[in-house]
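I wanted a quick look at how each chain is built before going any further. These are my notes, in the order I looked things up.

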Amino acid sequence: MDATILLLLLQDGVVNGAIYALIALSLVLVFTVTRVILIPQGEFVAYGALTLASLEAGTLPGTVPLLLGLGGLAFLADCAEARHTLDGRTLLRLGARDLALPAVVALAAWLLAPMKPGLVVEILLTLAIVTPMGGFLHAVAFRPLAHASVLVLLIASVGVHLALTGLGLVFFGAEGSRTPPLSDASFPAGPLLVSGQSLWMIGLTLAIIVALWLFFSRTLLGKALIATAVNRLGARLMGIAPSLAGRLSFSVAAFIGALSGVLIAPLTTVYYDTGFLIGLKGFVAAIIGGLASYPAAAAAAILVGIIESVASFEASAFKEVIVFMAIIPVLLWRSLRSAPIEDEE
Amino acid sequence: MKRIVRALALAGTVLAGPVLAQPIKIGVTIAKTGPAASLGIPQANTVTLLPTEIGGQKVEWIVLDDATDTTKGVANARKLASDDKVDAIVGSSVTPVSLALIEVAAEAKVPLISLAASSKIVAPMDDKRRWVFKAPQNDALMAEAIAAHMAKAGVKSVGFIGFNDAYGDGWLSEVTPRLEAKGIKLAATERYARTDTSVTGQVLKVMAARPDAVLIAGSGTPAALPQKTLKERGYAGKYYQTHGVANADFLRVGGKDLEGTVLPAGPLLVAEQLPESNPVRKVALDYTKAYEAKFGAGSLATFGGHAYDAEVMLANAIPVALKTAKPGTPEFRAALRDAIEGLKEVVYTNGVVTMTPTDHVGQDDRARVMVTIENGKWKLLSATN
């Protein structure tokens, strides 16, 4: 390996790491607010990429009927949740959020998809289709279990992941898709060729880290979310609705996932089940960051990306083994450093 | 009087009914879901096109999904053999599951026609594999064609990038001795996973070895990623792929980066370009037409052809077996096995088959063609080699 190859590998590692960082950030976000380890995060990535690819091809993506279906289920779940205080106004509000909003998005997708309205509109449409799914999934699958243990939440998370992967196969078929890059520009930097696409990825990752940090440290809503994470009952007594916090965090996670999908789709072929491995590598990074710190998770994600890229050069047959083994020393170090917690609640 | 005759006739049909109505049952276990779904889906589609009557007997197709999972595949086969009492089993789509089915077929004494590629499924021939036949070409047949083409094109060294699983292993072990025999050096062997999103590391390593050609041993659209990355990094040598990529999605995902790639494939892939004299042409075109009429133009994948070929073999063997025994009996299953083993010069969509007690694939050079990719389409290079 000479210096040029090392530089190329580092570049590849950082670009891949940026996606793992986005995943790790949303995992940390969802976990700190709801204690759910969001395994379906990878599916949001795949849905984002494949929805965009369908729109590119001028067909109505299968995620649109899914959005409508999930909205309907969420409406029922919301009505059940609010059954003691259900009046006309609440019903109207819930209907607008769970039924009317997806219907508008679906209508827009149905009208615009055959017209091939261009990349920007298609990306916005993709984000509009996938983002609300996060909130709906929370209402349908996780809110009823909000008081359950982390283990039960994890099991529910695995269930949602399996369901979404299966639906992905039905919607998009077994073979993957690619989309054209956001920008064709590329800049020579020494021996490297930096593509516009990779600058977009790194730039957006940094922007999201900064935005999350500002949101949690500077805004009332952000502080309320953290308060919910620290003590659900206490936050509730202060007038913060835990279900709102959960819904919000899931929506943000779905948004980041869909955005990652849009960013990664031009770089590689995305399949209905690609999300899981990307999600797993993001999870490794989130664990290294202790499932608590955004900057640590992001830095760890870049490290995972670089380990992966160097491993694929040095020992391609053992690449996956090397990447996932990186988690073991971290877990050892963490378990030695932290005091045992008797009761999580 | 008329009435009595009619009543007697009616009674006759009712009594004779159960004997006539005993249909031939064929169990199918394929990967409609899971990692090999791109193989299993066209195969499942193909089964819907298959005839429901062979040799004057009703035929019932029972299709089960094994999700590319060995345990599930074995459970399916056991269920088909013991509950449904099928006369033959077709499947599975991939090698690992098919290898596990050998045991079940031998135990239940049911003929099995595998739709997977590895030659290990039917070799070495032993008591268990007596019951097992295979529709797709052996990797060896294809590897030989690639080595011959490389030698003719003046390639001296080859870089290998293959799947990090049985598919890549199989190709590496088949192609290495054949390249050596032609005096071609294997300059680098790199592996990657089907789910990888980046193969930059592997590609840099291969390029550092400066080979004349690169052989990518992958199947379906994941095989496009190394080629795209090689192009991106400016690799200017020759590109070879395997017959595992022969579907329309590969062309769609790979786009213009695939131009000029050479690969061996079953003749079904380029049926229209085969010369009129080629016996495979008519069968392959008939199947293509029937498939595309139902599932859309350009939807054909050669994997579905293997399911069709399994039916062609059965359709030729069943009438022979019917002469000695009745469907649904152990005698019929044994007779069917013997009849498949006795197939001679039977033309199907991927070649011409002549089985022998030691060769349960039964193909020759007519089962492969060399193909290149030109203007986003498959183009026939030569009918043999």
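For the entry on sequence separation below, I count a contact when heavy atoms lie within 4.5 Å. I also keep in mind that this is a predicted model.

**Contacts along the sequence.** I took chain B first. Looking at its contacts between residues at least 6 apart in sequence, I found that 68% join residues at least 24 apart. I then checked chain A, where residues 24 or more positions apart account for 77% of the contacts with a separation of 6 or more.

**Chain A, overall.** I counted 14 helices and 2 strands in chain A. Its radius of gyration is 20 Å, close to the 20 Å that the globule rule gives for 345 residues, so I put chain A down as being as compact as a globular protein of that length. Along the principal axes, the C-alpha atoms of chain A fill a box of roughly 70 × 60 × 35 Å. I noted that 52% of the 345 residues of chain A count as buried.

**Helix H1 of chain A.** I wanted to know what end-to-end distance this helix should have. H1 covers residues 3–34, and at 1.5 Å a residue its 32 residues should span 46 Å; I get 45 Å between the end C-alpha atoms, which agrees. Is H1(A) mostly covered or mostly open? Mostly covered, I find, with 24 of its 32 residues buried. Just after H1(A) comes A:Arg35, for which I noted a positive phi of about 65°.

**Chain B, overall.** For chain B I have 12 helices and 15 strands. A compact globule of 385 residues would have a radius of gyration near 21 Å, and I find 23 Å for chain B, which agrees. The box for its C-alpha atoms, taken along the principal axes, is roughly 90 × 40 × 35 Å. As for burial, 57% of the 385 residues of chain B count as buried.

**Surface.** For chain B I noted about 15300 Å², with 56% belonging to carbon and sulfur atoms.

**Charges.** How far apart are the mean positions of the positive and negative charges of chain A? I get 11 Å, from 17 positive and 19 negative charges. In chain B there are 44 positive and 39 negative charges, and I find their mean positions 3 Å apart.

Note on methods. Residues numbered from 1 in each chain as written. Chains lettered and ligands numbered in written order. Predicted model: local features only at pLDDT ≥ 70, side-chain atom pairs only at ≥ 80, totals over all residues. Heavy atoms only, no water. Helix = DSSP H or I, 4+ residues; strand = E, 2+ residues; numbered from the N terminus. Expected span 1.5 Å × (residues − 1). Buried < 20%, exposed > 50% of the residue type's maximum accessible area, 1.4 Å probe, protein only. Rg over C-alpha atoms; globule rule 2.2 N^0.38 Å. Lys, Arg positive; Asp, Glu negative; His and termini not counted. Charge placed at Lys NZ, Arg CZ, Asp CG, Glu CD. Areas by Shrake-Rupley, 256 points an atom, 1.4 Å probe, with all protein chains shown as cover.
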